Amino acid sequence: MPRLVSHPDEVIVLKRRFGQGAAKIDRYIELDGYAAVQKAIAQGAEAMPGWIIDTMKSSGLRGRGGAGFPTGMKWSFVPKTSAKPKYVLVNGDESEPGTCKDHLIFREDPHAVIEGAMIAGLAIGAKTGFIYLRGEYRTLLEIMERAVADAYAKGFLGKNIFGSGLDFDIITQTGAGAYEVGEESALMESLEGKRGVPRIRPPFPAVVGLYDGPTIINNAETIANVPHILLMGGEAYAALGTERNGGTRLFGISGHVERPGVYELPMGYSLRRAIYEVAGGVRGGKQLKAVVPGGASCPVLRADEIDIGLDFDQLAKAGSMLGSGGIVVLDETVSIVEFALRTIQFYQHESCGWCIPCREGTDWIKKTLTRVYEGGGAKKDIDTVQYIAENMMGRTFCPFGDAAAMPTLGFVKKFRKEFEDYIEGKKAGTALMPEERDLIGVGH
Amino acid sequence: MSTIANSIFSPELAARFDKLVTLYPVKRSALVPMLLYAQDEVGYVSEAVIQEVAQRLDLFDLDVRSVLSYYSMLRTKPAGKYNVQVCTNISCMLRGGYEILDHCKKKLGIENKQTTPDGQFSLEEVECIGDCCSAPAMQVNYEFHDELTPDKVDEILDQYAAGKILDSTQKDGK
Amino acid sequence: MADVTITVDGKKITAPAGSLLIEVCKSAGIEIPAFCYYPGLSLQAACRMCVVRQEKVPKLQTACTTQIAEGQVFFTDTPEVIQARKATLQMLLGNHPLDCPVCDAGGECELQDMTFKYGAADSFYAEPKNHREEQKWSPVVYFDRPRCILCYRCVRTCSEGMDVFALAVENRGSSSTIVPNVPAKLTPDNLAHLDCEQCGMCIDVCPVGALTSGTYRYKTRPWEMNHVATVCTHCGDGCKTTLGVRSTADGSEIVRGDNRDKSGINSDFLCNKGRYAFDFANSSERITQPLVRQPNGELKAVSWEEALTCVGKKFAELRDTRGGKTIGVIGGNRLTNEEAYLLQKFARSVLHTNNIDHHRTADYVAFAQSLAGTTGRAASLRETLTAPAVLLVGGDPTNQSPATAWNLRSNVRLNGARLYIANTAEIKLRRQASAFLQVAEYGYGALAAFLAGDDSAANIAAPDSAALASFRDAIRSEESLLVLIGNDLRGAELKRLIDFGLTIPGTKFALLADYANSRGAADMGLLPDMLPGYTPIGPIDTQDPSSRIALEYRSPTTPGLDLLEIFEAAETGNLSAFYVVGSNPIARYAVDPATLKNTFVVVQEMFLTETAAIADVVLPAANLYEKSGSVTNSYGDLQQVKKAGDRAGVRSDFETIVRIADKMGADVRKLVPFGPVSNAGGTRADMGQTRGAQSGEADRHAVWLTANNLEPRLSPFDPSAILDEIQRLVPGYEILRLQLLSGNDQHLSPAAAPIRDNAGLVQISNRRDLVLPAGDTLFTSGSLGRYSAILNDLRQFRPRQSLIQIDVQTASD
């Protein structure tokens with residue numbers, strides 16, 4: 001499991017209780033646990049929802065799953081009254097390659113997720129929260145289950161929480177292996193016992209979500225931040241980051257660095273420093289070739305593009321994304337052709353298949369890049385890959401199509417020369433894939 | 001007491017399922033967890049599992065098949081007692097994921113998606129398992145093993161073979 | 001919703017707010033392509049073909065999910081939109097096999113059409129295609145996986161439309177595939193199968209050649225067929241169907257049935273019988289030569305001339321020697337209206353007998369009499385799709401009237417209609433019902449009484465009195481009600497239910513029968529005591545306009561023997577001749593063949609049925625797909641029947657009856673009004689201005705033809721001549737010619753005279769089995785069904801899964 005790392009440049013908010021045994025409820029309480037929810041309740045039944053949402057808005061917290069939608073605003077979309085029950089849904093289906101931050105949260109600070117979900121429930125008037133972890137996180141589910149049971153045992157969950165007169169229950173479960181379920185509406189489908197295929201929007205989850213009730217769905221890191229924000233105040237949290245990008249976030253730095261790990265850095269922190277200072281630089285003193293800045297779906301940055309601050313807006317401006325904060329570092333030995341193939345292989349495997357451009361596009365790109373990789377490519381194949389990716393962009397049923405097309409476009413546009421050279425037999429880098437490869441396939 | 005007569009599951013699991021279906025606002029929500037737990041006990045999602053789960057949730061068998069075939073962790077064929085799942089996605093690939101996979105193949109003497117003749121181990125190349133910052137990583141059943149080297153893999157697999165590591169599906173004494 | 005105005009491609013369009021853009025555009029003549037969108041089925045937004053540009057919205061929007069609002073501006077044909085559609089097609093065509101030249105859908109494939117339109121023909125897909133072997137899911141449903149474009153129409157039509165859920169998607173991504181509900185590993189032949197109603201709607205909605213029909217596939221190219229719009233011969237719903245017909249050596253063969261143009265009363269629905277069970281026409285057991293029994297007891301094939309001469313001679317002889325009262329005539333439920341009318345007219349005016357009946361599958365006499373004196377109380381099949389509230393008492397439409405069931409499901413799903421079901425069995429439609437009432441055995445009469453307010457009937461009506469009471473409350477709270485009545489209700493109990501219904505304003509009724517022209521057979525007077533239009537036989541009141549028909553007939557004025565009495569007469573030696581046209585009463589009523597040993601039996605049939613087997617003369621008959629005319633469905637919807645198939649050697653029942661009359665020496669012109677007016681007995685059509693008319697000698701038919709701007713028919717074999725007479729004489733048949741001839745349905749209400757002394761009803765309650773529901777299921781169709789190889793094959797694949805639950809009844813012949 002991911003080891004705990006630290007660096008002096010870190011600004012610790014969320015990681016405050018990591019490594020301190022906070023999975024045990026008594027220890028969590030010692031570390032100000034369940035103080036935030038009580039602080040919220042202390043505002044009084046009338047003022048509480050508004051106070052929570054205002055605090056969240058002022059914190060500038062933006063969704064940590066990848067899209068970066070302002071959390072407080074998302075919560076404010078939930079109608080005050082609803083004929084159907086409202087729900088809070090914690091998205092712990094962490095599946096973006098390069099990302100393992102929620103993994104740490106579930107392991108090190110499960111009660112923060114519970115408390116955050118409770119607060120979200122109080123804010124919108126939901127009585128039930130669901131915490132959905134990816135299927136591979138069974139051991140983490142067990143930690144969460146224990147934490148939830150402990151919270152019930154203390155009377156923190158269930159009827160009349162902290163004397164508020166309000167009830168809140170939490171149900172935990174995992175998925176069973178599907179990247180697409182990380183998409184919010186697909187996750188709701190999965191939670192309702194169906195195939196993880198996204199839903200038509202509108203209506204949006206805030207109005208019609210889980211079991212057709214108004215639902216807020218937030219990434220686990222987003223939710224785990226909530227108690228901290230309530231305790232320290234929205235403005236104080238916002239001040240840690242940059243404009244419109246409040247606070248800190250967990251950056252998972254992986255790949256060719258000396259000290260990979262999950263670091264908590266303020267929003268807007270320099271990508272160059274993150275690689276060279278925080279993560280100890282490129283492994284073995286090699287040259288940096290490229291960086292995937294926010295998980296596999298974010299367009300690659302070349303080595304000369306890393307003088308940039310890590311926040312949603314700066315990366316968007318640079319034509320990439322902050323995504324899930326998973327920074328994957330590639331040194332000079334990497335073949336971009338191979339890396340692009342491995343990336344699309346993942347998306348082809350994970351496409352839910354619902355819509356034509358994504359289902360057929362990912363398959364076509366994978367097949368073409370496979371042929372190129374195996375030495376049967378022609379230059380027009382690069383154009384074909386680019387054409388297919390461009391025609392997936394913005395045309396698919398859900399953002400998955402973009403997630404598959406964007407990195408592909410990044411690779412072939414920024415490293416076109418390397419593809420051309422490869423096709424001509426001048427292969428850059430050292431192959432990592434064995435010649436005899438099994439293609440991961442789905443289907444029974 | 002199971003609500004299903006002649007359940008194919010152990011009394012403990014049957015009781016757990018009885019409870020699970022009452023937990024959610026809609027019974028069907030229990031489908032994915034039930035399939036996982038059934039697979040843990042039976043070893044895979046057999047026809048019998050499909051039929052009983054469908055019966056418990058008032059679904060058509062076809063509904064269950066449609067859903068289970070969507071999720072890559074659910075399998076309809078038996079795997080080894082220890083299912084070794086090696087990640088080769090980008091972060092792991094950069095740090096030797098494919099070497100680890102190759103090493104496992106040699107060590108276990110099987111190819112991807114195969115099971116050792118004694119039924120102890122099966123091997124699977126999988127997509128990202130969420131342990132990128134400690135790559136390369138693998139899971140044996142649900143247990144994470146990371147920062148792997150061939151030597152470390154040998155050690156881990158030997159320990160499993162000797163029954164020294166129990167994963168969560170076995171800890172409950174199942 | 002209030003109207004809003006949007007702009008599409010610069011054109012202002014006004015439509016209700018919230019309407020789907022794709023529909024709004026369609027109404028305005030702007031075509032937006034789509035694979036997954038299908039009217040009436042849930043929205044998918046999966047194919048991405050319907051993308052359009054909306055002003056001020058960053059991404060292209062799908063027209064199939066966009067609900068319009070005031071002031072929106074859309075562009076549907078910009079280069080960007082066209083490129084998006086083209087690219088989607090290119091991606092589809094990547095893995096799609098380009099076997100269009102041999103594909104069943106070639107020529108009527110939506111993918112082909114769109115590729116043509118968007119010019120996505122330049123294929124630069126250079127990778128190997130994912131080939132999969134074709135699968136046979138049932139005798140009628142084949143699946144060619146690589147051709148499938150995953151539009152999910154089949155899955156939705158099966159689940160939402162049919163409530164069967166036999167198809168689903170398995171796997172994900174590019175491995176996604178449509179699968180049937182019985183996986184290969186559970187079948188003896190290790191192939192996946194469909195356990196379902198076998199309706200074939202999945203094939204019908206498939207935009208490409210992925211799902212193909214076992215009866216049609218690889219037989220022809222669509223443009224090599226003639227497409228004939230006619231009416232299905234099977235159940236009483238009388239679905240409109242388009243038959244694909246191809247020439248063969250000895251006639252023409254029907255190779256396909258569908259209603260893809262969504263015309264007619266059944267919108268796009270057709271059940272398995274309508275879609276596949278036309279193969280009886282090509283059965284090797286078909287009789288194609290007249291057969292006459294020889295002194296040695298054997299049936300021998302003879303010429304038509306010989307057979308007709310034999311019948312004509314014998315009929316005339318027996319009529320003249322033993323009297324018309326010793327002759328019995330039975331007509332069928334699959335004859336055209338013209339044939340049924342002609343048969344009873346022939347019986348009454350040539351054979352001089354009222355001993356005429358048919359296998360009554362529903363009590364239309366009681367139905368018509370109960371509605372006597374009312375107007376607008378008979379419902380069309382169309383209303384099952386629109387009525388806000390429906391009460392279904394008895395019957396099992398899923399099995400017996402599948403289009404009714406389809407419409408009811410659609411009405412509940414799309415319009416939120418309330419369906420109330422009272423039945424002795426847990427019929428499948430209860431799953432769509434707002435309330436289902438379990439009726440006690442033989443409890444329908446008591447139920448009707450209870451509904452009408454007789455609380456003492458409660459314990460006979462239903463086992464659960466609380467449910468019964470709330471059921472009544474729910475029904476009484478409805479402002480208007482469509483009452484559908486199963487044919488298990490007859491006589492007095494049927495009347496009681498209708499009497500109750502008539503107390504609710506706006507209530508309409510329909511009685512569900514079993515065959516294509518069960519209703520027409522009754523309407524046309526295949527009854528011993530009723531002339532056409534339920535005109536009672538008896539003393540003729542010359543002042544009563546409804547007596548017109550009786551006046552013209554001058555037939556015996558005492559009612560004849562009904563079907564059961566005819567057999568009783570045979571038993572006592574009082575039946576000299578028995579003439580059966582398209583019916584199998586020997587099997588239906590389990591008659592001992594020996595009963596008829598001293599009777600001259602003539603049978604017009606397609607097959608050597610139990611009845612034909614004992615005949616002295618068997619005359620090979622054409623079926624409903626091989627003739628022209630009209631039929632009236634259970635609801636009273638009149639539709640035109642057109643000749644599609646043809647088989648050498650057989651003749652329509654119409655022609656055969658006329659020829660027998662001719663051989664008997666009857667004046668054919670009096671039987672079938674044909675021939676130029678100037679030749680019609682010297683009387684001219686002069687609108688009654690001559691003395692002839694005033695003196696009652698006018699050719700009333702010719703007068704009527706002239707008044708209606710109709711030409712006289714030129715042949716005695718032209719059923720239109722009889723249609724003219726039906727329109728002129730039969731109460732309730734005020735036919736709109738243009739409506740009928742243009743292939744549209746016209747709804748008719750039965751026009752019975754009010755019951756004078758409950759005579760009709762007494763008869764039924766004393767002799768219940770005179771009305772004998774056929775009890776057919778989706779996989780049987782009377783005697784006819786036995787000769788459909790495909791229907792018998794399909795029975796092996798009928799639904800068995802408990803949740804699909806249609807197999808509650810045992811299929812009976």
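Buried area is the accessible area, taken with a 1.4 Å probe, that two parts lose on being put together, summed over both. The size of an interface is often given in just this way. In the predicted model shown here, chain C and chain B bury about 1300 Å² between them. Carbon and sulfur atoms account for 62% of that buried area. On the side of chain C, 18 residues take part in the contact, and chain B brings 13 residues to it.

One salt bridge is found between chain C and chain B. Its partners are Lys185(C) and Glu47(B), whose closest N and O atoms are 3.8 Å apart. Polar contacts between chain C and chain B come to three residue pairs, with both residues at pLDDT 80 or more.

Turning to the elements of chain C that face chain B, two strands, β8 (167–170) and β9 (177–180), each supply at least two residues of the touching side. Of the elements involved, β8(C) gives the most, with four residues. By residue class, the side of chain C that touches chain B holds twelve nonpolar residues, along with three polar and three charged ones.

Chain B itself is assigned two domains, with domain 1 covering 11–70 and domain 2 covering 82–171. Between the C-alpha centres of these two domains of chain B lies a distance of 27 Å.

Terms used: Residues numbered from 1 in each chain as written. Chains lettered and ligands numbered in written order. Predicted model: local features only at pLDDT ≥ 70, side-chain atom pairs only at ≥ 80, totals over all residues. Heavy atoms only, no water. Contact = heavy atoms within 4.5 Å. Salt bridge = Lys/Arg side-chain N within 4 Å of Asp/Glu carboxyl O. Polar contact = N/O pair within 3.5 Å; in protein donor to acceptor, adjacent residues only side chain to side chain. Nonpolar A, V, L, I, M, F, W, Y, C, P; charged D, E, K, R; others polar. Domains from an automatic or database assignment.
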